[in-house]
Amino acid sequence: MKINKDKIKELVKILDELNLTELSYSDGKESIKVGKGTLSVPSVVSSNNLASAPTKSSGKFNGVKSPMVGTAYLAPEPGAKPFVTVGSKVKKGDTILIIEAMKTMNHIPSTQDGIVEEICVNDGESVEFDQELIKIK
Amino acid sequence: MIKKILIANRGEIAVRVIRACKELGIKSVAVHSSADKDAMHVQLADESVCIGPPKASDSYLSIPNLLSAYELTGSDSIHPGYGFLSENYEFAKILEDHKINFIGPSSNLIKKMGDKIEAKKIAKELGLPTIKGSDKGITDINEAKKMAEEIGYPVLIKAAGGGGGKGMKIVYEGKDLEKNVIDAKSEAKKFFNNDEVFIEKFFQNPRHIEVQILSDGKKVVHLGERDCTVQRRYQKLVEESPSPVLTNEERNKLLENSVNSISKLGYKGAGTLEFIYENGEFFFLEMNTRLQVEHPVSEAVTGVDLVKRQIEIASTGNLELDQSQISFNGHAIECRINAENYKKDFQPSAGKITSCHIPSGPGTRVDSAIYQGYVVQPFYDSMIAKLISHGRDRKSALARSLRALDEFVISGIDTTIDLHKEILKHKDFLSFNYDVNWLAKSDILNKN
């Protein structure tokens, strides 16, 4: 059997990045499990980095989540027409809103084609990383 | 004599000023927004006052709130740091009118240097080389066409009240001039509420070189030049001193010219003259009437503490430092570490720093306000640390920078640490073969 070193390296990288202690991967043909020998990762580190993602997403969410923490704006400037409203048709890549973070205005693109079902944030509201922004059907 | 300074800023520069205060035996007052209650400057200062909500316009930029904090704490001076209100002449004017000691130049000079057309006019009068172009706003398109032909295409249309690339247009041919003037005017009106625009020669491959000066209004000294050519979207990323491309003759002429010009101005405090350098020629760009982010580079090669000297000038009215007392030793490089993902078009990355290791060792200085467990806030600038490395020459300063970047660990958020490693090892950087547009076009950011 040939050992896929690249895949192992990639998994170890993910393990480090997310401060995990164990990670298994399978694609049907082969399965790989990597882990750290010790479990002495400080609790603050692990608990925080894994934060919102698993708890907030129900797994069925279809739409766009926030790629960053910041302040969400639904229109290009105060008083202007919002980028999208419920019922808007969006294409992948269309700007759905702006998130202001660290003095920069970041245009957030739709990750898919579809129709806007719900806008989950208010104009000027603070959003967290991975927070649901709009639902698309 | 100054006894208590309120620092109208946050982050690493507030910490920098607090450190100078402590060494001088001066009390320091930190101000902070509600988002910054756990920030390092709040913990290090002798006193702190919360001046508003996270949004900068309601806290760090709120003049009434700052003045209340000033009164409340019995401070006698205000240090503005950089950014925020540091170049706001109205703020400086209010302080002057109320006999509050502002650690910086007069509101009058801040105002003049803040207006691009006015600053250029002054620079010309002072004998500094200025960029070929109109010395007043464009009112007549035919006049503009004549001017553009005289300068030679390409030309740049710039907003008088602007900055950061807004209201700026490059025009390559005469037929595109009118349309671009109109566009620039409407952008300038939108962003700066001032539709005045002017024409200048456009530089294709400019370097950015600046001169640090200190003055008490009578005497002017320089602390050498800094080369800040590695930039991205007009934001400096790497700064070094001395510039690796200037001959001694060019350098001496530039420094002498700068000192002579400022001597005629009656300027008080620390200031920087910024120049474009192309094909062996310098052109005045602007003057920053404040302390700059990259000031530690000059401190490293001269041993002069710029913040203490600012306080000295504001406190006694005199600068007790002569040019003959300043010597220049070795080479220094600064890397600005930003909380950004440079592989995703520099997407901002706020969040909790889960582990943090700050490099140290010979020739290594880090100015920052981060620590393990600190939450980088999304409301403010993305620069979270500056690494300054000093060595006997450029080669050893670079080796130290790379060694220190290897030691630098910031987890939990994305940073530009790895980007700096790539820049400092790049063959173009090693052979001085770059201009202000280099990074955007380089293979570092265009891998795929």
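Strand β4 (residues 70–73) of chain A pairs with β9(A) in the antiparallel sense, over 2 bridges. Two strands count as paired if DSSP finds at least two bridges between them. Helices (H or I, at least four residues) and strands (E, at least two) are DSSP runs, numbered from the N terminus.

This is a predicted model, in which local features need pLDDT of at least 70, side-chain atom pairs count only at pLDDT 80 or more, and totals for chains, interfaces and linings use all residues. Residues are numbered from 1 along each chain as its sequence is written, while chains are lettered from A and ligands numbered from 1 in the order in which they are written.

**Confidence**

The model scores ipTM 0.73 and pTM 0.85. Chain B has a mean pLDDT of 95, and 99% of its residues reach 70 or more. Here pLDDT is the predictor's confidence in each residue, from 0 to 100.

**The sheet in chain A**

β4(A) belongs to an open sheet of 4 strands. The order is β7-β6-β4-β9 (chain A), with antiparallel pairing. β7 and β9 (126–127) of chain A stand at the edges with a single partner strand each, so one side of each has no neighbour in the sheet. The table lists the pairings, each with one bridge pair.

| Strand pair | Bridges | One bridge pair |
|---|---|---|
| β6(A) (residues 95–101) and β7(A) | 6 bridges | A:I99 and A:N106 |
| β4(A) and β6(A) | 3 bridges | A:T71 and A:E100 |

The phi of A:D130 is near 75°, a positive value in a residue other than glycine. Most residues other than glycine have a negative phi, and most peptide bonds are trans.

**Where the chains touch**

The contact takes 15 residues from chain A and 15 residues from chain B. Two residues are in contact if their C-beta atoms, placed from the backbone, lie within 7 Å. On the chain A side, α2 (43–49) and β7 (104–109) each supply at least two residues. The largest share, 4 residues, comes from α2(A). By class, this side of chain A has 8 nonpolar, 6 polar and 1 charged residues. Ala, Val, Leu, Ile, Met, Phe, Trp, Tyr, Cys and Pro count as nonpolar, Asp, Glu, Lys and Arg as charged, and the others, Gly among them, as polar.

**Chain B: domains and a helix pair**

The domain assignment of chain B gives domain 1 (4–103), domain 2 (131–201) and domain 3 (207–441). Such bounds come from an automatic or database domain assignment. The centres of domain 1 and domain 2 of chain B, taken over C-alpha atoms, are 37 Å apart.

How do helices α4 and α5 of chain B pack? α4 (residues 89–97) and α5 (residues 107–114) of chain B pack at about 170°, with axes 8 Å apart. Axes are lines fitted to C-alpha atoms, for helices over the stretch in contact, and angles run from 0 to 180 degrees between N-to-C directions. α4(B) is therefore roughly antiparallel to α5(B), a label for angles over 145 degrees. B:Y89, B:A92, B:K93 and B:E96 in α4(B) meet B:S107, B:I110, B:K111 and B:G114 in α5(B). These contact residues divide into 3 nonpolar, 2 polar and 3 charged.

**Cis peptides in chain B**

A cis peptide bond joins B:Y153 and B:P154, with omega about -5°. B:P154 lies in the loop between α7 (141–151) and β6 (155–159) of chain B. The bond from B:S241 to B:P242 is cis, with omega near -5°. B:P242 sits in the loop between β11 (235–241) and α9 (248–263) of chain B.

How values were computed
Parallel < 35°, antiparallel > 145°, perpendicular 65-115°, else oblique.
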